[in-house]
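Here is a short report to read beside the model.

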Protein chains: 2
Amino acid sequence: MDTAKETLNKVLHPYYPRDAHLPHYVASTLNINEAFITLGSAITVTMIISAVLISQAQKKLTCKDKYIVVWMLVCAGIHMVLEGYFAFNHKNLAGMQTVMADLWREYSHSDSRYMTSDPFTVIMEGITALVDGSFAIVTAYGVLTDSPIRYPAQLITSLMQLYGNILYMGINLMEGFRYTNPHPFYFYGYFVSMNAIWMVVPTYLIFDACKNIYRGMLIAKRAAIVKKAN
Amino acid sequence: MDTAKETLNKVLHPYYPRDAHLPHYVASTLNINEAFITLGSAITVTMIISAVLISQAQKKLTCKDKYIVVWMLVCAGIHMVLEGYFAFNHKNLAGMQTVMADLWREYSHSDSRYMTSDPFTVIMEGITALVDGSFAIVTAYGVLTDSPIRYPAQLITSLMQLYGNILYMGINLMEGFRYTNPHPFYFYGYFVSMNAIWMVVPTYLIFDACKNIYRGMLIAKRAAIVKKAN
């Protein structure tokens, strides 16, 4: 009986490893395109809000800084709303009929840990939603207001994103990508390409933050020496 | 036969969960006190080296900065040597007869993931050894030479330590502390108290770094305004 149930369970979900325990999985009754359109629209709205905020910034922003504001606000949205939703609903996500559950069911083809309440994934995503999300907003605020908080916030956000992502990908690599559907569409299209974005951009922003903090601290040090001399 | 083997395996190691798969476990043939004395001596030597470096620093260091140099160099030693040893030898650690394997066999009473090549633990410790270890040295160098690299390095080291530790403890908490021997000596004496150190000190040093970077960036910003005005 148990074996029969197990076989049934194996057949009833599309994820890897094929024997992942997912008794609560229910296939989506919604149209996946609707979920993608909703996600795309939400990102577009966030970008428009970013553009409005940029246009009203006290100081004229460089092109790079404009991109950083957009990046940080889009990240904040993804971290707090989408990843926060996962962290909050991970236990029931595989059987929920909502647009966000649909998006996670789709992404889980590239990583079934999102369907199985994998402890590392849940804790990491919870921290990402709360900490990375908050500091992404602080960074955008820092750029828009030319605040000295900008670079430490940029360093914290990007370092947390990069470390979380390296752990996330590293564990899957060490386990032989067993959570990932080996089809190139899921492996490269979802798993590699989507996570690569959160490896490349944060790495650049960490260097950018360190370089600017180094320069600022050097100027501050010299200013202190001049002040002492006078 | 398999069940008999499994039962034998359950009896043949002292770790939690009691059914952890550890066929390669071999009890230590060395005296655990020797391992502790070796660890204590290594930390003492690192502290003496720190004191020598502090005495030869270009600038007279504050008491706080002296502590930070000692902390960072002791951390670098623990991360690179002890945790590096684990990351490098995790597969065979449970059966090795060396002082460092002994230390890990002892600590593993509070967390058996160190004996079972748990993927999260291996990847996290590998990153800690390489990245946290290197940046801890850069931080100590930054304090000793009064370099502008000091605070970004302090922020990176401490944030990596704190994030790694929160994930490490969070996963065990989510899994009901199943990897930890519930005896108060191991639970509080090893697991809670040792990890608490790497929660409290990095948290303080993150705030300290952010505060100092904020101040420095503010001075740099004002200096730029003054320069522009002249």
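Is Asp65(B) buried or exposed? Asp65(B) is buried, because its relative accessibility is 13%. Buried means under 20% relative accessible area, exposed means over 50%, and partly exposed lies in between, with a 1.4 Å probe and protein chains only.

This is a predicted model, in which local features need pLDDT of at least 70, side-chain atom pairs count only at pLDDT 80 or more, and totals for chains, interfaces and linings use all residues. Residues are numbered from 1 along each chain as its sequence is written, chains are lettered from A and ligands numbered from 1 in the order in which they are written, and side-chain values use heavy atoms, with hydrogens and water left out.

**Salt bridges**

Over all chains, the structure holds 12 salt bridges. A salt bridge is a side-chain nitrogen of Lys or Arg within 4 Å of a carboxyl oxygen of Asp or Glu. Asp65(B) takes part in one of them, with Arg150(B), at 3.0 Å from N to O. This pair links distant parts of the chain: Asp65(B) sits in helix H3 (residues 63-89) of chain B and Arg150(B) in helix H6 (residues 150-174) of chain B, 85 residues apart. Helices (H or I, at least four residues) and strands (E, at least two) are DSSP runs, numbered from the N terminus. Arg150(B) counts as buried because its relative accessible area is 6%.

| Salt bridge | Closest N and O atoms |
|---|---|
| Arg105(B) and Asp102(B) | 2.9 Å |
| Asp111(B) and Arg113(B) | 2.9 Å |

Arg105(B) and Asp102(B) share helix H4 (residues 99-107) of chain B. They are 3 residues apart, about one turn of the helix. Both are buried. Asp111(B) is buried too, because its relative accessibility is 0%.

**Chain A as a whole**

Chain A has 7 helices and 0 strands. Along the sequence the pattern is α-α-α-α-α-α-α. Its C-alpha atoms fill a box of roughly 85 × 35 × 30 Å, taken along the principal axes. Of its 230 residues, 49% count as buried. Contact means heavy atoms within 4.5 Å. Among contacts in chain A between residues at least 6 apart in sequence, 69% join residues at least 24 apart.

The accessible surface of chain A is about 11500 Å², and carbon and sulfur atoms account for 69% of it. Such areas come from the Shrake-Rupley method with a 1.4 Å probe; for residues, only the protein chains shown count as cover.

Which residues form a nonpolar patch on the surface? Val45(A), Ile49(A) and Leu53(A) do, with about 240 Å² of accessible area together. Patches are made of residues with over 30% relative accessible area and no salt bridge; like charges are joined within 9 Å, nonpolar side chains (Val, Leu, Ile, Met, Phe, Trp, Tyr) within 5 Å. Ile49(A) lies in helix H2 of chain A. With a relative accessible area of 47%, Ile49(A) is partly exposed.

Asn165(A) is in helix H6 (residues 150-174) of chain A. It is buried, because its relative accessible area is 8%. Not counting residues up to four places away in sequence, Asn165(A) touches Asn195(A), Trp198(A) and Met199(A).

Most residues other than glycine have a negative phi, and most peptide bonds are trans. Where does chain A have a cis peptide bond? It joins Tyr16(A) and Pro17(A), with omega about -5 degrees. In chain B, the bond from Tyr16(B) to Pro17(B) is cis as well, with omega near 0 degrees.

Pro17(A) lies in the loop between helix H1 (2-11) and helix H2 (32-55) of chain A. Pro17(A) is buried because its relative accessibility is 15%. Leaving aside neighbours within four places in sequence, Pro17(A) contacts Ser112(A), Arg178(A) and Tyr179(A). Its C-alpha atom is 9.4 Å from that of Asp111(A), 94 residues apart along the chain.

Asp146(A) has a positive phi of about 55 degrees although it is not a glycine. Its place is the loop between helix H5 (119-144) and H6 of chain A. Asp146(A) is partly exposed at 28% relative accessibility. Phi of Asp146(B) is also positive, near 55 degrees. Asp146(B) counts as partly exposed at 27%.
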